[in-house]
Amino acid sequence: MTKPTESLAKNLQTIASYEDYAEQYNTIVGELPNANGIEGLRRVAAIAGAGGHILEIGSGPGRDADFLETLGAQIRRTDATQRFLDLQAARGKKGDLLNVITDDLGGPYDAVVALCVLIHVARDQIDQVLAKITQSLRPGGAFLVSMRDGHGEKNGDYHTIYWTKDDFAARIESAGMSIVWDKFNIGGDGDGWNTFLAVKPS
């Protein structure tokens, strides 16, 4: 069996940590996205259009997907953590096991949503992930993503990468998308977050 790279090993450790933490996380996040999340979700749903097919990467408990469905979108819920999918299944919501680093994303989708999840993708893997996301979108499709603001990374159970606004915006644009909206906010944990909405050229 091939030994995983250091970056992939950290990703697998993060997934395993979420398996243990999923139920507690589900309790913490509540029933609805926060105000900043709602604004971004409304914008991406508007670009996807009525009945738009949206891939959500890292659905977690599925609250963002629930909200998008109230806007008329069709959501493919995915997560790399099986326990999150089990929690959604218990309330009648089907999801697929998907690791954005190693798995094919399918498509074409009208939009891709990845909130609070690509922070766990190693710096040396982010370009290939963003290229996969661009490829999975239809022409004119939208991409909504949020990233922790800052420099460096944090190791441990949940390996986390920090990006400055300008640096991550450059990565999105290098992947072939154009940013049409962004917003900065302070999260409940005190960290800054940058949210970007980008589109693939028509």
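Leaving aside its neighbours within four places in sequence, which residues is L97 in contact with?

1. A word on the model. It is a predicted one, where local features need pLDDT of at least 70, side-chain atom pairs count only at pLDDT 80 or more, and totals for chains, interfaces and linings use all residues. Residues are numbered from 1 along each chain as its sequence is written, and side-chain values use heavy atoms, with hydrogens and water left out.

2. Back to L97. Beyond those sequence neighbours, L97 is in contact with D79, A80, T81, Q82, L85 and D103 (contact means heavy atoms within 4.5 Å). L85 is twelve residues away along the chain, and the two C-alpha atoms are separated by 7.5 Å. L97 is exposed, at 51% relative accessible area (exposed is over 50%, buried under 20%, partly exposed in between, using a 1.4 Å probe and protein chains only). It sits in strand β3, residues 95–97 (helices, H or I of at least four residues, and strands, E of at least two, are DSSP runs numbered from the N terminus).

3. Now the sheet. It is open, has seven strands in the order β3-β2-β1-β4-β5-β9-β8, and its pairing is mixed (two strands pair if DSSP finds at least two bridges between them). β3 and β8 (178–186) are the edge strands, each pairing on one side only. From one strand to the next, the twist averages 15°.

4. Strand β5 (residues 137–148) is worth a look. Ten of its twelve residues are buried, so the rest of the structure largely encloses it. On one side, β5 runs parallel to β4 (residues 109–115), joined by six bridges, and A114 stands opposite V145. Getting from β4 to β5, the chain passes through helix α5 (residues 126–136) in a right-handed β-α-β crossover (with the strands pointing away from the viewer, the path from the first strand over the helix to the second runs clockwise).

5. What about β9 (residues 192–199)? Seven bridges join it to β5, and these two run antiparallel, with R148 opposite W193. β8 and β9 also pair in the antiparallel sense, over eight bridges; here F184 has N194 as its bridge partner.

6. Finally, the helices. α5 packs on the sheet, touching β4 and β5, and its direction makes about 145° with that of β5 (axes are lines fitted to C-alpha atoms, for helices over the stretch in contact, and angles run from 0 to 180 degrees between N-to-C directions). Helix α3 (residues 63–70) lies across β1 (53–56), β2 (74–79) and β4, running at about 175° to β2.
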